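Trainee: I have this one open on my screen and would like to go through it with you. Can we start with the overall layout and then move on to the details?

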Amino acid sequence: MQQGKKRILTGDRPTGNLHLGHYVGSLANRVRLQEEFDSFIIIADVQALTTHWEKDENLTRDVYGIALDYLAAGLNPEQSTIFVQSMIPEIHELTMYYSMFTSVNVLRHNPTVKSEAAQHGFKDMTYGFLGYPVSQAADISIFKAHLVPVGEDQVPHIELARKIVRRFNDLYYPVLVEPEALVGDVPRLVGLDGKAKMSKSLNNAIFLSDTPEQVQLKIRNAVTDPARIRKTDPGHPEICTVFEYHKVFNSDAATEIEADCRSGSIGCVACKTRLAQQLNAMLEPMRERREKYLQAPGQLKEILMEGTRKAHSVAQETMVEVRQAMNINYFDHKIPL
Ligand code: TRP
């Protein structure tokens with residue numbers, strides 16, 4: 001561990017491009033905290049298999065794609081260790097040990113597992129899907145992470161990880177650290193269609209990789225106050241998706257825009273143009289970083305390989321302690337016969 005620094009572990013399933021909801025829910029926190037904390041970012045490809053277990057032609061692209069999103073968003077590979085879950089076999093070993101004392105009923109009642117199962121139409125969950133929060137507890141605790149910056153939907157998993165760590169420390173020996181969740185300022189960003197959540201599968205997202213033109217077009221088509229027909233009609237910002245985004249991404253101007261909307265002195269077209277400009281200004285440095293890595297893909301691979309190597313060595317150290325705590329270290333003993 002870097003001297004004196006507490007550790008962060010967080011990450012995502014590589015199942016497609018990251019969007020603004022990810023950014024304000026968790027990514028912005030990761031970027032902000034990477035200097036102060038020793039940061040580990042997991043690309044959870046095995047967890048992705050819990051819902052995408054069929055042979056996936058896009059897996060490689062998604063793994064590199066999410067790494068690219070991370071770097072574009074501002075994760076600095078000097079400060080954040082980005083790595084691939086499947087390449088750390090110790091995580092799977094720890095998952096197995098944890099699953100010995102984790103109750104199936106507790107997993108069944110996990111609200112995020114339940115809503116994801118419903119979303120995917122799983123009537124009969126697979127063993128791997130039901131158990132993924134156990135594997136996530138291993139992801140976090142094998143790095144002895146103190147803090148887990150995540151979106152709100154992940155909080156039940158961090159709660160379970162805390163319970164598992166406490167149980168482990170109690171049953172065997174206190175070698176593990178109880179992690180804490182850190183939820184972003186905007187735990188749930190509304191979608192462009194006004195639906196509760198921005199999400200790739202709902203097709204209502206602005207991606208970090210969108211071009212300026214795509215951003216403009218998506219904002220132009222975003223849902224606003226349906227009662228507002230003419231520009232001079234007084235608007236209702238409290239029910240307007242575009243105003244929701246102004247509050248998040250253009251907070252300095254939000255009060256002014258709110259007043260102008262209510263009085264009918266700014267129309268939806270102008271209001272949307274201002275938002276698109278603001279978003280594009282925020283995304284521009286990300287585009288530049290993305291372009292830099294696209295020009296040098298070997299560097300991207302190097303960053304992932306180096307991050308994975310470093311993460312592996314930390315995981316190996318923890319597992320020596322874990323096995324010792326559980327007495328699974330037979331060759332270190334004199335034969336007790
Ligand atoms: N469950 C997270 C998601 O769906 C991904 C994830 C896997 C994760 N392991 C983790 C998040 C550990 C935080 C910590 O996006």
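**Domains, ligand and salt bridges**

Mentor: The domain assignment, with bounds taken from an automatic or database source, divides the protein chain into domain 1 (7–189 + 297–332) and domain 2 (212–291). This is a predicted model, in which local features need pLDDT of at least 70 and side-chain atom pairs count only at pLDDT 80 or more, while totals for chains, interfaces and linings use all residues. Residues are numbered from 1 along each chain as its sequence is written, and side-chain values use heavy atoms, with hydrogens and water left out.

Trainee: How many residues of domain 1 are in contact with domain 2?

Mentor: Counting heavy atoms within 4.5 Å as contact, 11 residues of domain 1 meet 9 residues of domain 2. The area buried between them, meaning the accessible area (1.4 Å probe) that the two parts lose on being put together, summed over both, is about 850 Å², and carbon and sulfur atoms give 76% of it. In domain 1, Leu20, Ala72 and Leu189 lose the most area to domain 2, together 50% of what that side buries.

Trainee: And how many salt bridges cross that interface?

Mentor: The rule, a side-chain nitrogen of Lys or Arg within 4 Å of a carboxyl oxygen of Asp or Glu, finds 1 salt bridge across the interface of domain 1 and domain 2. Separately, Arg290 forms a salt bridge with Asp69, with the closest N and O atoms 2.7 Å apart.

Trainee: Which helices supply the domain 1 side?

Mentor: With helices taken as DSSP runs (H or I, at least four residues), numbered from the N terminus, α1 (20–33) and α3 (59–73) each supply at least two residues of the side that touches domain 2. The largest share of that side, 5 residues, comes from α3.

Trainee: Switching to the ligand, which residues are closest to it?

Mentor: Using a limit of one heavy atom within 4 Å, 14 residues surround the ligand, and the closest are Arg13, Gln47, Gln136, Asp139 and Gln154. A nitrogen atom of the ligand is 2.7 Å from an N or O atom in the side chain of Gln47, and for the side chain of Gln154 the corresponding distance to a ligand nitrogen is 2.8 Å. A polar side-chain atom of Arg13 lies 3.4 Å from a ligand oxygen.

Trainee: Last one, what does Arg30 pair with?

Mentor: The side chain of Arg30 meets that of Asp12 in a salt bridge (3.0 Å, N to O). This pair links distant parts of the chain, with Arg30 in helix α1 and Asp12 in strand β1 (residues 7–12), 18 residues apart.

Note on methods:
A polar contact is a pair of N or O atoms within 3.5 Å; within protein, one must be able to donate a hydrogen and the other to accept it, and residues adjacent in sequence count only if both atoms are side-chain atoms.
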